[in-house]
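Colleague: I'm new to this one. Could you show me how to read it?

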Amino acid sequence: MSLFHKSPVDIEILLDGEESRKHVEIPNAAGSGSKTLNDRLAVYEDGETISGMVTLRVKEGKRVEHLGIKVAVIGSIDMIKTSGGNGSGNSSKRLSNTSSSVSDARKTPVEQFICLSYDLCPPGELQHAQNFPFMFKDLAKRYESYRGKNVDVSYYVKVTVARKSIDISKTKKFWVYLYKNVSLPPAPIVNNEESHPNAETTEENGADGASSSKALTGGLRKEPKPVKLDIGIENCLHIEFEFSKSQYSLKEVIVGRIYFLLSRLKIKHMELSLITRESSGLQPSNCLVDSTAIRYEIMDGSPVKGETIPIRLFLGGYDLSPDVSCNYFNVKNYLSLVIVDEDGRRYFKQSEIVLFRTR
Amino acid sequence: MLVLALSDAHIPDRAIDLPDKFKKLLSVPNKISQVVLLDNCTKSYDLLKFVNEVSPNVAIVRGEFDNAQLPTTKKNRIKESIPINTVIRQGNFKIGCCSGYTVVPKGDPLSLLALARQLDVDIMLWGGTHNVEAYTLEGKFFVNPGSCTGAFNSDWPIMSEDEVINKKETTEVDTNKQDEESAVKSEEPKETTSTDKKEKVEISNLDINGSNVPSFCLLDIQDSVCTLYIYIYIEGEVKVDRVVFKKEETQIQP
Amino acid sequence: MSYAETLEQALLTVKQQAMQMQRCLQQRKLMDALKHTSIMLTELRNPELSPKQYYELYIMIFDSLSVLSTYLAENHPKHHHLADLYELVQYAGNVVPRLYLMITVGTSYLKCPDSPRDEILKDMIEMCRGVQNPIRGLFLRYYLSQRTKQLLPEDATEFNANFIITNFIEMNKLWVRLQHQGPLREREQRTKERKELQILIGSQLVRLSQIVDDNLSMYKDQILPVVLEQAIQCRDIVSQEYLLDAICQVFPDEFHLATLDILLDATTHLNPDVSINKIVLTLIDRLNGYKDRQEQEQGQEQEENTTSKEVKAADINLFQIFWNYLSTLNEERPDLSLQQFIPLIESVLNLSLRWYPENLQNLNALYKITTQKCQDFGSDIPPNCEYLFQNLLTLQNSESSTLRPSSNFFYKLISQCESFGGLLALQSLPLQKSALNSILDVLLHNEVDFDDENEASSNEGFLIDSKENLCSLLSIFEPLTKLGPPMPSLDRKGSKNVKGTGDHFPADEDDNDDEGSWILDPIQEKLAKLNHVVFQSVVKSSDPIKDIEFEMEVLLTLRNWCYKGGKNIKYTYPAIITNFWKVIRRCHLLATRCDSENTKRHTELIKQNFKYVSRSTNDLFNMCGNSFSDALYKLNIQSASLADQLSLGEIAYDFFSQAFTLFEESLSDSRTQFQALVYMAQSLQKTRSLREENYYDSLIVRCTLHGSKLLKKQDQCRAVYLCSHLWWTTEIALIGEEEGVTTDFYREGKRVLECLQRSLRVADSTMDNIQSSELMIEILNRCLYYFIHGDEHDTHVSVRYINGLIELIKTNLKSLKMEETTTAKTQLAEQRLSELHIDDAQNTAKVSNRFVIGSDGSYIDVPTVNGGRALVSTKLNSMYINEMIQIPIQHFNRTCDYILNQRDVDDRFKVIVI
C-alpha cells in the first residue's frame, strides 16, 4: 500500500527501550517486504504499557500538508478466507495442508479486537522533522501473538498521516506473550475427543500411499493426571501409554512410559511427536492444519511383552505454540505416539495435551 | 650297521614283556638296520609289532615253540615258513643264525663250529639256552644273546642242589663294564635302588626261571670289525659289556 | 540422519567425523563437536551390519568417544556444566545416538566429584531401555558397562552389583531375543552370530565377580540366585549353556563349593535340550583343579612350615551332593538320554576319583545307577553312545596323571564293586571286548618297573588276597576268553554290527587246524599274560613256604577259567603250564635249601604238580587236536627234562613216553618229524636220571629207530648221525660235571660208530648226488667231532675210518663234477677240483659260495647285499645247478682247511690224509 510510490513523508516508530527488550525471532512470511529471513520483534505482555516515539521527516525543502496525524494500536486476527466466508470457488477443502508460502497478504483481518487511537497532531503542515511521543497505558491484550498457516494474531502500532489524497501510514509490529500463572493452571481440558470426528481414526498425512494405516483404538481416561492410555490392536499389540499429566508449561519435560502388554508386531522403531493443530473459521466450514512441532525417536527395535520404554521429552528447547482458543480459530497440541513396523506400516495414537506459557 | 639279536622271548607263554628299560633302549627309530629273532619270539603280537618298529628288516629262525610257519595276523595272511637256519650278510661278515634246539648236543661249541663251517659263516648267532654267551673259536665268533625276557628255562638251572651259591656273584657279569661305549644310547650309571627283598628264605624269580637274567645283543658291524654289545638287565639296571671281533682276512695256509 | 550403506563407508564417515570432532574440541567449539559426534553415532543405527562389522565400528567409535569424554570432564565446570550438557544431548532425535551421547556425558559427569552419581547411573541404565534391537542394545549396554567400569562408587558394593546385574539381565534378554530375529531359515546363522556376541554377556559376569570379590554371602544370597533365575527364565539353550558355563568359570572355586547345591539344582530347571553334562563337567573340572591347587599349596606350606589354612572343602561331602543331584535328575528327568546321562556319571566319577580316591563305594553306586539306567533303556544301547560306556568302564578320561587308575585300583574296583561287572555285562560284546582290552592293558602293567622312578611309589601292583576276589576278577574277563582270534574277513565295524556272528569262533575251522600256522591274537595273548600277572601277585602276597597250596589253588582256578575258552586254551594253557613248572621248581628249591622236615611234603607237591601239567597237556590235546601236537610234544619233553633235573626218573620217562606217543600218532609232516626227533635227541642227551631201569636205553633206541624210519633219506641220515650223540654224554658244567674229571659219563663208542656207519649207508644210497655228498661231508664233520673228543678205542671213530670217508667223498665229488654243465666257469671249477683243497680263497668266495645247505638239508641262498635275508628252500633249484654243485665241494674244502688247522694243535690230525 504505502510502497507504491515514493512517500513524501518518512515515518519512523520507535518503541521505548526497544533495544533492551526481549525479542522473538519470527520466521518472515514471504511477501512481507522485509529482506531478512526473520522478523525480530519486541515482546510485550498483557497489560503492559506500549509507549514510544514517532518521528516524521519531510524531504528537504518540501512541505507536506496534512489533515491530522493519528497513532493507533491494533490487535487483529487475520485469516485466509475459506469457503465459509466470501466463498471463493474451489476452496471447499477442509483439511488443507497449506504450504508455508502462504503470505500475509492472503490473510485478511476478520476481527480487530484492539483498536485504540488518538491524534498526535491536528491538521497542518509539516516542514521539517518532528517528534511525537505516544503511549497506550496498561494495554490489555486478549490473545497471544500467533503466526500459523491460516491464521495470524498480530499486534502493531500504526501511525497515519491523513491527507487529502492518499494517507501515509506506517506500522510497527510487536509480539505478545501471555503468561499463565503457574499456581493456577487452566482448568483441565474435558476431552471432547469422542465427538470429534477425526480424533480416533485419523490417517496421518505424512504416511506414504502404499501403507495401510491402522488406527489405535482405546478409551481415553479422563483423570487429570497422570494420563494413561490403554490402546492396542486385537491380538497384535497391546500397550499402555502413560505420561505424567495432560498440561505442560512450555519449559517442562514430558515424562512417561510405554508398557508393552502384548507385542506381536515387528517394530522397527517408535517415536513421539508433538502435533500442533490450528483450526480456523467457523463451523462447519472450519479449516484444520496440523504441523509436527517435534519428532522424537524413543525406541529402536522391537520389544517383547513386559518391556517398559521410558519417555522423556524436554519441551524447553523447541519453539512451540501454546493453546489458543477464540471464536475465529483455536490452536491445540497433541502428543502422538507412532509405531513403525518393519514393513513400513505406521500405527499411532494421539492424545491432547495443553501447553501453556509460564514465566 | 647295527644288528639286533633277540632270543627266547617266550611271550606270552612264559613272560609278559621285555623289561621296559630294554624297550626304551631299543625305541630309537632308524638306528638298527636289522633284527634277528632267534627262537621262540613269534607268538606275541605285541613283540612282533615292537620288533617291526625297531626295524622292518627281520630275520627269524625257528625255536621249539615257534610254529613251522610265520604266524598270521589280520593283515598278513601269507604263509611263510620259518627256517631252522638262515644266513644274513652285514659288512664283510656272513652271519649264520641258528635255532638252538636242533643243535646236538645242546649248545655244544664243537657242534656249533661244525654248523658254522657247513653254513660258511663268520659269525654264528644261536639261541635256545637263555644264557648269554659270546666266544671266538677257530676264527669264528659265536654269540648267544640269551633270553630277552629272562623267561623260564627248562634246561638245567644254573644253580644245582649241591651248590650254595651266592646268587649275586654268579649273575653279575660286569667284567668289561669300563667300556660302556653304548651303541644305542648311553646308559647313565645310577645308584642301585635296592629293592624290598625279603630277607627270609627267599626264592627269587631268577632261581625259579633258571637263573637267567634278561639280555640281548647288539652287533655293530663296520667292514671287518664286529663290536658286540651285550645288554644285561640285573636288578633293575641295564649293564653293558663289549666284545670286539675282527675277521681274519686271509686264512693261514700250512 | 541416515547411515552409510557399507561398512567401508561407515568407517570412513566415522573417521572423518571423529577428526572434525577433535578439531572442534581443540577450538573449544563444543556444540560443533557434539554435532559431529552425533553424525558419527548415526552410523551405529545401521541395521544391515553383522555383529562382527558392528563391533568393528563400535571399537572405532568407542575410542573417539573416549576423547570427547576426557574433554568434557576436563572442562567442567569452567567452560560448561555437565548437568546442562546432559540435558542438551537429550534433544537428539534418534534414540541410539542420543543414548551414546547421554552415557558419554553422564559418565564424564561421574568423574567429577560434585555429580549426583546414583541418579545419573540409574537414569542412564533406565533410559537404555529405549534400544530394544538386540545387537544395538547389546553394544549400547556394553558401552555403558565399559564406561562405568572405573566409575562405580567404591563404597557401595550392593548398589554396584545391582547396577551390573540389571544391565546383565537386560543384555541377556536382548541376546536371547536375537535368536528370534529375522526369518526362520536363518536360525543357524543367528545362533552363530549370538555365539560371536556371547563375550559381551560374559563380560558382565566378569564384572560381577570383580565387584563381589570374596564376599561369599553376597554372592550366595544376592548374585547367584538372580543370575540363575535369569538363566532359567530365558529358557534359551544357547544362553543357558553359556551362562552356566560362565558362572562356573568366572567365580572362584570356593564359591562353587559353598553353592554347589544351588548351582546343581538350577541345572535341573534348564531347557531339556541343554547339555547338562557339559556344565557339570566344567564344574567338576573346576573342583578337581581346586583340589590340585590346594594340594600344591599345602605342599608348599608344609615346606615353608607355616600354619596350614583351614580346608573348607573338607566339611562338605562333595560326592554326596553330586549323588543327590544324580538321583534327582534320574527321577525328574527320565527323558534324559544316555548320551547326556553317561557323561554326567563319568564326570562325577572323575570327581570321586579325585576327591575320594579310596572310596570304591562311590564308584559302585555310580555304576549301579548306570546299570539301572541302561536297563531302563532296554537292551538296545544305541551304538553311538558305546564309547561313553567304554570311557566309563575304563576310566579313560581321567586326564591328570594322579587320577589315572593303577592296576591295583582296577583290581579293587573289579573285586569290590559288583555293579561294575553288572554294567559291563550289559554291553554289547564288541564293547565289552574293547573295554576289557583296555583294562587288561592296565592290569598287565602291574609289575613295578624300577624305570619309572616317580611312579614307582604311587603305582603299587595289586595283590591277590583271596580266592573270591580272584574269581570276580577272572569272571569279568570271561567274555574275552571265549573270543576267537580276530578274523581277517570281518573288519571291526562289520563284526560290531553283526552281533554274535563270527566273533565267538572263527568261521573257517580249517585255518585253525592247519598244523603249521598260528594266528596271532592280541587278546588271548593278554589273557595269557594276565595269568602270569596274577600268579606273580599271588607269589608276592603269600608266604613262600606255607602257601604253595594256595598258589596251586590259584593256578587251578586260572586253569579252569582258561578252560572256558575252548580252543583258545592253546594260547593260555602254556602260560599255566609254565607256572606249574615254576611251582615245581620252587618246591624243589624249598626242599633243598630249607632242609626242613617238609621235604616229603614238597616231593608230594611236586608230583601233584606234574600231574596237573600232564592233565593240562591232555586238555590241550583234546581241545586242539593235531594243530597243537607239535607244541604239546615239546611241552612234554620239557616237563620230562624238568622231572629229570629233579631226579624224578619215572615221571621223566612218562613224559618222554607221552612225547613219543604224540610223535607217532600226531606228527605227520616230515620236516616237523625230523625237527621233533632232533629235539628229542637233544633233550635226552642232557638227561641224567634215567639210567635206572633201562629207561634211558629204551628211550634212545626208540629215538634212533624213529630217526632211521623218517620218510626222507636225508632226514634219516641226519637224524641218525645226530642220535649218535645219545651214546656220548657230554659234560654239563652247571651241575659240576667236567670232562676228564667226571668218570661216569654214559659213553658207548661202538654205538656211536654204528650210528655213523648207518647214516653213511643212508647217505651213500641217497640218489641226489649233491645231497649225498653233502651228507657224507656232514658225517665227516661229525666223525671229526668224536675224533677230537676221545681216543680211538673209546669212540671207535678211527683215523682209518676217517680217511676212508674222505676218499669216498673225493670220489663222489668227482662224479658230481660230471653233472656240471660246461661253461667257462665250470672249467674253472674243474681246474679247482683237481686241486681241491688248494684253492685261492678269494676266487671261491666270489664265484661259488652262493648256496649252503642248512642243518636240516634246506638250501640257503646266501644274500649278496648288506642286510639281505637268505632265501631258504627245501627244493633244489635246477636253474642254479652249477652253484648247487659247489655246495658240497666248498663245504669239503672248508672241512679240509679245518683239519689242516687242527694239525697245529693236535698231532693226531696229521695222520688224516687229505
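Predicted model: local features only at pLDDT ≥ 70, side-chain atom pairs only at ≥ 80, totals over all residues.

Colleague: How much area do chain B and chain C bury between them?

Modeller: The size of an interface is often given as the accessible area lost when the parts come together. Here chain B and chain C bury about 8600 Å² between them, with 53% of it on carbon and sulfur atoms. B:Ile16, B:Arg117 and B:Trp156 supply 11% of the area that chain B buries against chain C, more than any other three residues. In residues, 91 of chain B are in contact with 100 of chain C.

Colleague: How many salt bridges and polar contacts are found across that interface?

Modeller: There are 3 salt bridges, plus 42 residue pairs in polar contact. One salt bridge pairs C:Lys529 with B:Asp46, at 3.1 Å from N to O.

Colleague: Which element gives the largest share of chain B's side?

Modeller: That's H3(B), with 8 residues. By type, the residues on chain B's side split into 37 nonpolar, 26 polar and 28 charged.

Colleague: What does the side chain of A:Glu144 join in a polar contact?

Modeller: The side chain of A:Arg357, at 2.8 Å. Beyond its neighbours within four places in sequence, A:Glu144 is in contact with residues including A:Val153, A:Tyr155 and A:Pro322.

Methods:
Residues numbered from 1 in each chain as written. Chains lettered and ligands numbered in written order. Heavy atoms only, no water. Contact = heavy atoms within 4.5 Å. Buried area = accessible area lost by both parts, 1.4 Å probe. Salt bridge = Lys/Arg side-chain N within 4 Å of Asp/Glu carboxyl O. Polar contact = N/O pair within 3.5 Å; in protein donor to acceptor, adjacent residues only side chain to side chain. Helix = DSSP H or I, 4+ residues; strand = E, 2+ residues; numbered from the N terminus. Nonpolar A, V, L, I, M, F, W, Y, C, P; charged D, E, K, R; others polar.
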